[in-house]
Amino acid sequence: MTDPASTDRPISNGESRAWEDRVAAARGEITPISTIGWMRIFWRSLGLIGLLLIFVPLHYIYRIFAYGSPFPMLFLRYAGRVSGAKVKIHGTHLKRDVFYIANHVSWIDILSMAGACGTAFVAKAELEQSPVVGWLASLNRTVFVKREHRLGVADQINLLKEALADNWSVTVFPEGTTTDGQSLLPFKTSMLSVLEPPPPGVLVQPVLLDYGSVAEWIGWIGDESGLNNARRVLSRKGNFTLHVHFLEPFSPEDFRGRKAIGAEARRRIEEALCEALGKPLRDFSHDVAPIRYQAPREPAIPTEVD
């Protein structure tokens with residue numbers, strides 16, 4: 001993570017302390033929340049409860065008469081807004097028969113993308129255990145996967161095939177974890193096996209999720225728990241902008257196999273992220289065991305020997 005002190009502008013004591021808390025959270029420590037922060041959590045939680053009381057009954061009533069309720073999408077859209085995300089859409093998203101491939105920064109990704117296009121998701125199993133957020137994601141047909149559970153991959157792929165057969169849009173986050181918005185991990189392509197061979201008429205559309213300058217603060221990285229990350233985000237002052245870039249779709253039939261499809265999607269997302277950041281990407285600074293990624297280690301500083 002980049003220290004804010006490395007920027008050219010003056011850094012306040014408040015920013016410095018907040019950054020220390022951010023780094024401590026990535027080490028797995030519990031972030032202290034101020035009284036004002038707890039008040040923000042209270043009011044935002046109250047807003048989420050209000051949305052639940054409105055949209056969940058409407059969803060189940062709708063399901064009595066028809067399939068494909070619009071209310072989970074509307075609920076998740078406003079839940080993301082209450083949580084602080086102001087979503088700006090760039091490009092045109094396909095509405096059906098589409099397999100979205102996106103980078104992954106936060107649980108806010110799921111609320112905001114579902115709110116933007118009603119997509120179903122493949123997400124890491126840890127998210128299912130997160131209070132409230134896991135249940136919200138399940139409302140929108142999220143398929144929770146254990147990246148290290150190799151024996152369950154076939155069942156997970158079958159669930160994806162069923163989703164595409166029902167003309168859903170489905171989103172996968174092939175990095176295998178959330179990052180800091182300044183990096184892009186290698187793509188784990190096992191979930192792309194559903195595209196071998198591609199279902200008829202299905203296209204792949206890469207998506208860039210860009211949180212701009214707040215990405216490192218929002219990102220759920222390192223050893224931080226889901227609950228701690230949710231508290232940090234909900235206690236944060238003000239709103240933040242999430243730019244959702246729906247990039248140019250392509251036909252998976254033009255590429256030979258899941259690895260080639262994943263490589264093409266990653267190339268397009270990396271190109272768009274570099275353009276959004278205005279600089280090259282950097283290496284992610286945390287190990288990610290499920291995809292066998294090891295963060296670069298800083299070379300030891302030689303000591304002077306007498």
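This is a predicted model: local features need pLDDT of at least 70, side-chain atom pairs count only at pLDDT 80 or more; totals for chains, interfaces and linings use all residues.
Two strands are said to pair if DSSP finds at least two bridges between them.

In β6, the residue that forms the bridge partner of F99 is V204. This bridge belongs to the pairing of β2 with β6, two strands that run parallel and are joined by five bridges. β2 also pairs with β5, again in the parallel sense, over four bridges. In that pairing, V98 stands opposite S169 of β5.

The side chains of β2 may be considered next. In a regular strand, side chains alternate between the two faces of the sheet. From β2, V98, Y100 and A102 point one way, while F99 and I101 point the other way, and all are buried. Because five of the five residues of β2 are buried, the strand is largely enclosed by the rest of the structure.

H93 lies in the loop between β1, residues 85–90, and β2, residues 98–102. Is H93 buried or exposed? Its relative accessibility is 18%, and because buried means under 20%, H93 counts as buried. Apart from its neighbours within four places in sequence, H93 is in contact with Y100, A116, C117, Q205 and F246.

With a relative accessibility of 22%, D97 counts as partly exposed. Its backbone has a positive phi of about 55 degrees, although D97 is not a glycine.

The peptide bond from E196 to P197 is cis, with omega near -10 degrees.

The helices provide a further part of the picture. Helix α2, residues 35–65, packs against helix α3, residues 71–82, at an angle of about 175 degrees, and their axes are 9 Å apart. Since angles over 145 degrees count as roughly antiparallel, α2 is roughly antiparallel to α3. The residues of this contact divide into 13 nonpolar, two polar and one charged. On the α2 side they include R44, L48, L51, L52, F55 and Y62, and on the α3 side they include F71, L74, F75, Y78 and V82.

Technical notes. Residues are numbered from 1 along each chain as its sequence is written. Side-chain values use heavy atoms; hydrogens and water are left out. Buried means under 20% relative accessible area, exposed over 50%, partly exposed in between (1.4 Å probe, protein chains only). Contact means heavy atoms within 4.5 Å. Axes are lines fitted to C-alpha atoms, for helices over the stretch in contact, and angles run from 0 to 180 degrees between N-to-C directions. Angles under 35 degrees count as roughly parallel, over 145 as roughly antiparallel, 65 to 115 as roughly perpendicular and the rest as oblique. Ala, Val, Leu, Ile, Met, Phe, Trp, Tyr, Cys and Pro count as nonpolar, Asp, Glu, Lys and Arg as charged, and the others, Gly among them, as polar.
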